[in-house]
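Biologist: I would like to learn how to read cavities, cores and salt bridges in a model. Where do we start?

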Amino acid sequence: MKQEPITELVAGPRPGRVYSQIRRPGMGDCAPSGRLRLDALACWLQDIAYADVEDAGVADMAVWVVRRARIRVKRFPRFGESFTLRTFCAGLGRMWAERGTTLTGEGAADDDAAVDAVFLWVHLDPVKRIPTALTAHELTKYREAAGGRRVSARLRHPPPTEPQRTFSWTFRATECDLAGHINNAAFWHPVEEELLLIGDPETLDVEIEYRTPAQPGVKTVICDGHWRWIIGDQGETLASIVMA
């Protein structure tokens, strides 16, 4: 299967706006081993993204939705440990932007992150909910950190292949977000289920592309090597996942 390179991880923090928080994995965030789960980590990453735009005074200018997300774990955060999250604009497009985020353990150097992540967010009009160009005020806040790096929102993952195996997965109504769709963090649950069945990994590098908004109900997960596709009721691809 031909695969384009997964999303580049841009080193950070960098000149320009950097927003930070300190977080600790709680009981509801962790697997039985004490490892921070991927879905909980995704919640952290979307929460700090909103906290940043709110702190920057631009939260009311757009609704941001995730198009693609890559998470590279060098060492999983564990229950009770303190981590500094730093988030910054890693690149800009006309109607989208990339956000890099690092998680650095207590006492570690800034350039020795336990987790690096990059999310591609599409910029939607807050009323019409259609893609719209970033405003001059938003660009003023984030252009310096982007450093002139331009990014594309084009989907890169291939369509589903003939499956080696499949399994069913059920999204619950409790996983819907403010838009009335299954929240992006819930798409990590099938990956977590597999990890828990085979044993905790020490490291992980995984990327997901969100293609079609999902509603609660039973879905099909197609598996082929390192690839996973989550398929909806009408045969549509809801998301694709690759573990590098």
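Modeller: With a definition: a cavity is a set of grid points where a 1.4 Å probe fits but cannot get out, and its lining residues have an atom within 4 Å of a point. Keep in mind that this is a predicted model.

Biologist: What does rolling a probe over the atoms show?

Modeller: Rolling a probe the size of a water molecule over the atoms shows where empty space is left. Here the structure holds two cavities of 30 Å³ or more.

Biologist: Which residues line the second largest cavity?

Modeller: Its lining is made up of Phe167, Pro190, Val191, Glu194, Val221, Arg228, Ile230 and Ile241. Two elements, α3 (189–198) and β9 (227–231), each give two or more residues to that lining. The largest share, three residues, comes from α3. The space in the second largest cavity is about 40 Å³. By class, its lining has six nonpolar, no polar and two charged residues.

Biologist: And how much space lies in the largest cavity?

Modeller: About 50 Å³. Leu9, Val10, Phe88, Gly100, Thr101, Thr102, Asp116, Ala117 and Val118 line the largest cavity. The elements giving two or more residues to this lining are β4 (96–105) and β5 (115–124). Sorted by class, the lining of the largest cavity has five nonpolar, three polar and one charged residues.

Biologist: Next, the nonpolar side chains. What do they tend to do in soluble globular proteins?

Modeller: In soluble globular proteins, they tend to be buried together. In this model, the largest nonpolar core has 45 residues, and the members that touch the most others are Ile71, Leu103, Phe119, Phe171, Phe187, Trp188 and Ile208. Helix α1 (residues 38–55) gives the most to this core, with nine residues. There is also a second, separate core of 11 residues, which includes Ala56, Ala59, Ala97 and Leu134.

Biologist: Is aspartate 52 buried or exposed?

Modeller: Aspartate 52 counts as buried because its relative accessibility is 1%, and buried means under 20%. The side chain of aspartate 52 also meets that of arginine 99 in a salt bridge (2.8 Å, N to O). This second pair links strand β4, which holds arginine 99, to helix α1, 47 residues apart. Arginine 99 is buried too, with a relative accessible area of 11%.

Biologist: Which residues are linked in a network of salt bridges?

Modeller: Arg17, Asp52, Asp55 and Arg99.

Biologist: Asp116 was in a cavity lining. With which residue does aspartate 116 form a salt bridge?

Modeller: With arginine 72, the closest N and O atoms being 3.2 Å apart. Aspartate 116 lies in strand β5 and arginine 72 in strand β2 (residues 63–73), 44 residues apart. At 13% relative accessibility, aspartate 116 counts as buried, whereas arginine 72 is partly exposed, with a relative accessible area of 28%.

Key: Residues are numbered from 1 along each chain as its sequence is written. This is a predicted model: local features need pLDDT of at least 70, side-chain atom pairs count only at pLDDT 80 or more; totals for chains, interfaces and linings use all residues. Side-chain values use heavy atoms; hydrogens and water are left out. On a 1 Å grid over the protein atoms alone, a cavity is a set of points where a 1.4 Å probe fits but cannot get out, and a pocket is an open set with protein on both sides within 12 Å along at least five of seven lines; lining residues have an atom within 4 Å of a point. Grid points are joined across faces, edges and corners, and a volume is the space filled by probe spheres set on the points. Helices (H or I, at least four residues) and strands (E, at least two) are DSSP runs, numbered from the N terminus. Ala, Val, Leu, Ile, Met, Phe, Trp, Tyr, Cys and Pro count as nonpolar, Asp, Glu, Lys and Arg as charged, and the others, Gly among them, as polar. A nonpolar core is a set of buried Ala, Val, Leu, Ile, Met, Phe, Trp, Tyr and Cys residues joined through side-chain atoms within 4.5 Å. Buried means under 20% relative accessible area, exposed over 50%, partly exposed in between (1.4 Å probe, protein chains only). A salt bridge is a side-chain nitrogen of Lys or Arg within 4 Å of a carboxyl oxygen of Asp or Glu.
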